[in-house]
Amino acid sequence: MAASEGAHSSSRSLLSMLMALLLVSAAVSLCVLVKNPNIVPWYAELKTPWFVPSNTVFGSVWTALYLLMAYAFGRILSLPSGAWRRRIAIFVFLAQLALNVLWSFLFFGAHSPQLGLIEIVVRGAVIVATIMAFWPLDRQSALALVPLAAWVAYVGLLNFEIWRLN
């Protein structure tokens, strides 16, 4: 019986990780669909601060962060489904993921660094709330989102400077 429970738990974990990866990938796809057509000429013509990283660095960091997000969310999804804390953690994670997509629509799609700045402040708070919601359930998942919080704070500073300079 124990071996079959272990196999069920393992397949549940794998399914949870796949679901998380698919959901995060869908969010990334929406961001890319909005961002890519607006890099040139709109974004390329904006005044940017001296500390803007290259597109290669941006892409590499975001790739790592999206993988960490999927990993963290997959671990939360694989927990027993009856816990109310799990439901709250899932809701808050999905809210921060939706805000991630919304920022692309506001900043790149609407060509509005100001709206992007307002949104990124809210998103930063929701990411911190997600970390707090994950912590009592799975500390490894919570810690996996700390780099996201740090990066979004940095991107928020970039967003502020772009808004200020333009």
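**Helix pair α4/α6**

I started with helix α4 (residues 113–134) and helix α6 (residues 146–165): their axes come within 9 Å and cross at roughly 165 degrees. Axes here are lines fitted to C-alpha atoms, for helices over the stretch in contact, with angles from 0 to 180 degrees between N-to-C directions. Helices are DSSP runs (H or I, at least four residues), numbered from the N terminus.

Before going on, I noted that this is a predicted model, where local features need pLDDT of at least 70, side-chain atom pairs count only at pLDDT 80 or more, and totals for chains, interfaces and linings use all residues. Residues are numbered from 1 along each chain as its sequence is written, and side-chain values use heavy atoms, with hydrogens and water left out.

α4 and α6 are therefore roughly antiparallel (angle over 145 degrees). I looked up who meets whom (contact means heavy atoms within 4.5 Å): α4 brings residues including L117, I120, R123 and I127, and α6 brings, among them, L148, V152, V155 and F160. By class, this contact has 13 nonpolar, five polar and one charged residues. The classes are nonpolar for Ala, Val, Leu, Ile, Met, Phe, Trp, Tyr, Cys and Pro, charged for Asp, Glu, Lys and Arg, and polar for the others, Gly among them.

**Helix pair α2/α3**

Next I checked α2 and α3, whose axes come within 10 Å and cross at roughly 160 degrees. These two are therefore roughly antiparallel as well. W62, Y66, M69, F73, I76 and L77 of α2 make the contact with α3 residues including R86, F93, L97 and N100.

**Core**

Which residues have the most contacts inside the largest nonpolar core? They are W62, M69, F107, F134 and L148, in a core of 42 residues. A core here is a set of buried (under 20% relative accessible area, 1.4 Å probe, protein chains only) Ala, Val, Leu, Ile, Met, Phe, Trp, Tyr and Cys residues joined through side-chain atoms within 4.5 Å. α2 gives the most to this core, with ten residues. I also looked up W62 by itself: not counting residues up to four places away in sequence, W62 touches N100, R123, L148, W151 and V152.

I found a cis peptide bond from V40 to P41, with omega near 5 degrees. P41 lies in the loop between α1 and α2. H111, in the loop between α3 and α4, has a positive phi of about 55 degrees although it is not a glycine.

Terms used
Parallel < 35°, antiparallel > 145°, perpendicular 65-115°, else oblique. Buried < 20%, exposed > 50% of the residue type's maximum accessible area, 1.4 Å probe, protein only.
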